[in-house]
Amino acid sequence: MANQDLFAPGAGGVPKVVVGRDDMLNDFDWRVQVLQRGGRGENIVLVGPRGNGKTVLCRKIEMMAQDRGIPALALSGGEVPTVPDLLGKLAKPSLWQRWGLEELSPSIPEPPQVAGEAESALEEALHKCAAPKGLVVTLDEAHVAAPQVARALLNAAQMVANETRLLVVVAGTPALDWRLRLWSATFSERADCRRVRGLSTDEIREGLRQPFAQRTPEITVTEDAVTAVAEDCGGYPYFLQQWGYRLEQLQRRVIDREAVEAVREAVMSARRAQYGRRWSEMLDAGVVGAAEALARAGLAQRGLPLKAVQKTLREHYAALGFDAAAARCALVELADIGYIWDESGESEAYVAAIPTLAGYTLAKAESYDMDSVMANFGLRLEHWRQEQAAGL
């Protein structure tokens with residue numbers, strides 16, 4: 001088992017070595033220790049593009065909690081459509097048995113169906129869950145959570161964390177910034193918000209070398225192989241995991257440049273599949289033309305100041321007959337999909353969230369029906385207006 005799962009390119013996997021996140025992981029461990037000692041938790045928000053490692057960080061803090069005897073509940077934004085559904089998860093006897101708290105499980109009430117009552121019951125349930133040993137709750141893919149569920153959980157998290165040992169970690173794509181302001185502005189203001197950025201070249205190099213060095217027997221990675229992988233990754237953690245996973249499958253004692261070339265097509269094939277999924281999402285949302293416009297403006301080469309992004313989007317949609325709101329909607333949608341993101345969190349500039357996706361988008365230019373794209377965007381824009389109006 002020690003020789004398995006060195007790399008984890010799939011969703012939810014945790015690689016053997018997590019590089020570039022030492023400060024964040026040390027801080028998480030400290031917060032878990034505070035809970036263990038009876039202190040209150042400070043809620044955390046993790047924001048970053050798909051593939052930057054948010055899910056890995058969620059799994060790591062869950063492991064830290066469990067290693068210290070603190071219950072941890074892992075949730076995903078799409079799996080709890082209503083507050084009663086979330087209460088139902090908290091009331092499962094199997095969950096309490098896993099936590100060693102079987103005697104308390106009957107005290108969690110049956111989920112009420114009335115919204116206000118359900119939210120009050122959620123607060124009560126979280127308090128009861130956290131009181132005996134503390135509790136860590138992670139909500140991954142939070143950007144797709146049902147608004148009423150997200151709002152209820154975030155509001156309850158603030159109330160309960162003031163009274164007992166509860167720590168809630170919320171993770172999502174860059175559009176989570178915008179959604180948190182709609183759902184619960186006070187949560188994002190009071191939580192510790194972290195940007196899960198890309199990795200440096202040195203971190204990519206260590207992320208390839210260290211796992212292979214921990215194999216028994218050790219696998220050596222030559223300098224030219226490390227350089228080739230680091231140059232290709234462009235700081236993107238998902239690409240690193242793809243390279244490592246494919247190279248490990250070769251089962252060689254030495255990973256050299258020849259080995260890198262031997263798996264290159266398999267890595268590129270996986271990458272094209274990922275690009276295809278993102279491109280299809282942009283097509284369905286009607287923002288693929290906007291993505292092309294940003295790529296032509298230089299997004300992939302150097303990033304773009306916020307003013308340049310806004311101007312490019314306004315001009316693109318004005319030419320198609322849309323009003324100024326279209327540019328704001330497209331910006332959120334492209335961030336949600338993971339095409340662009342405000343890496344610094346200072347709302348000054350945007351970078352390509354997934355390296356080389358902009359080039360793929362340009363290569364696919366004019367391969368779609370513009371009328372269908374405009375119709376898709378019209379529907380998305382109307383939905384966005386409704387979200388804005390309702391504060392969802």
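# Briefing: helices, strands and cores

Tyr 317 and Phe 322 are both buried (buried means under 20% relative accessible area, exposed over 50%, partly exposed in between, with a 1.4 Å probe and protein chains only). This is a predicted model: local features need pLDDT of at least 70, side-chain atom pairs count only at pLDDT 80 or more, and totals for chains, interfaces and linings use all residues. Residues are numbered from 1 along each chain as its sequence is written, and side-chain values use heavy atoms, with hydrogens and water left out.

**Overall build**

- The protein has 18 helices and 10 strands (DSSP runs numbered from the N terminus: helices are H or I with at least four residues, strands are E with at least two).
- Its radius of gyration is 22 Å, close to the 21 Å that the globule rule gives for 392 residues, so the protein is as compact as a globular protein of that length. The radius is taken over C-alpha atoms, and the rule is 2.2 Å times the number of residues to the power 0.38.
- Along the principal axes, the C-alpha atoms fill a box of roughly 60 × 60 × 30 Å.
- Of the 392 residues, 53% count as buried.
- Among contacts between residues at least 6 apart in sequence, 78% join residues at least 24 apart (contact means heavy atoms within 4.5 Å).

**Nonpolar cores**

- In soluble globular proteins, nonpolar side chains tend to be buried together.
- The largest nonpolar core here has 113 residues. Such a core is a set of buried Ala, Val, Leu, Ile, Met, Phe, Trp, Tyr and Cys residues joined through side-chain atoms within 4.5 Å.
- Leu 334 and Tyr 339 have the most contacts inside the largest core.
- Beyond four places in sequence, Tyr 339 touches residues including Met 282, Leu 294, Leu 334, Val 351 and Leu 357.

**Helix α10 and Val 229**

- Helix α10 spans residues 223-233, and its buried residues are Ala 225, Val 226, Ala 228, Val 229, Ala 230, Asp 232 and Cys 233.
- These buried residues pack against α9 (201-213), β6 (220-221), α11 (237-249), β7 (254-255) and α12 (257-285).
- Val 229 lies in α10 and counts as buried at 1% relative accessibility.
- Not counting residues up to four places away, Val 229 touches Leu 208, Trp 243, Leu 247 and Val 260.
- Gly 234 follows α10 and has a positive phi, near 60°.

**Strands**

- Both faces of β1 (residues 44-47) are covered: Ile 44 and Leu 46 are buried on one side, Val 45 and Val 47 on the other.
- β1 pairs in the parallel sense with β4 (residues 166-172) over four bridges. Two strands pair if DSSP finds at least two bridges between them.
- Val 47 has Gly 172 as its bridge partner in β4.
- β1 also pairs in the parallel sense with β5 (residues 192-195), over four bridges, and Leu 46 stands opposite Arg 194 there.
- An open sheet of three strands runs in the order β8-β10-β9, with antiparallel pairing.
- β8 (304-305) and β9 (340-341) stand at the edges with a single partner strand each, so one side of each is left without a neighbour in the sheet.
- β8 pairs with β10 (residues 349-352) over two bridges, and Pro 305 stands opposite Ala 349.

- The structure holds 10 aromatic pairs (rings of Phe, Tyr and Trp, the last by its six-membered ring, pair if their centres lie within 6.5 Å; planes under 30 degrees apart are stacked, over 60 edge-to-face and the rest tilted).
- The rings of Trp 178 and Trp 384 have centres 6.4 Å apart and planes at 20°, so the pair is stacked.
- Trp 178 lies in α7 (residues 176-183) and Trp 384 in α18 (residues 370-390), so the pair ties together parts 206 residues apart in sequence.
- Both Trp 178 and Trp 384 are buried.
- The rings of Tyr 317 and Phe 322 have centres 5.8 Å apart and planes at 85°, so this pair is edge-to-face.
- Ring pairs link Tyr 236, Tyr 238 and Phe 239 into a cluster.
- His 316 is found in α15 (residues 306-319) and counts as buried at 18% relative accessibility.
- Leaving aside neighbours within four places in sequence, His 316 contacts Gly 289, Ala 290 and Ala 293.
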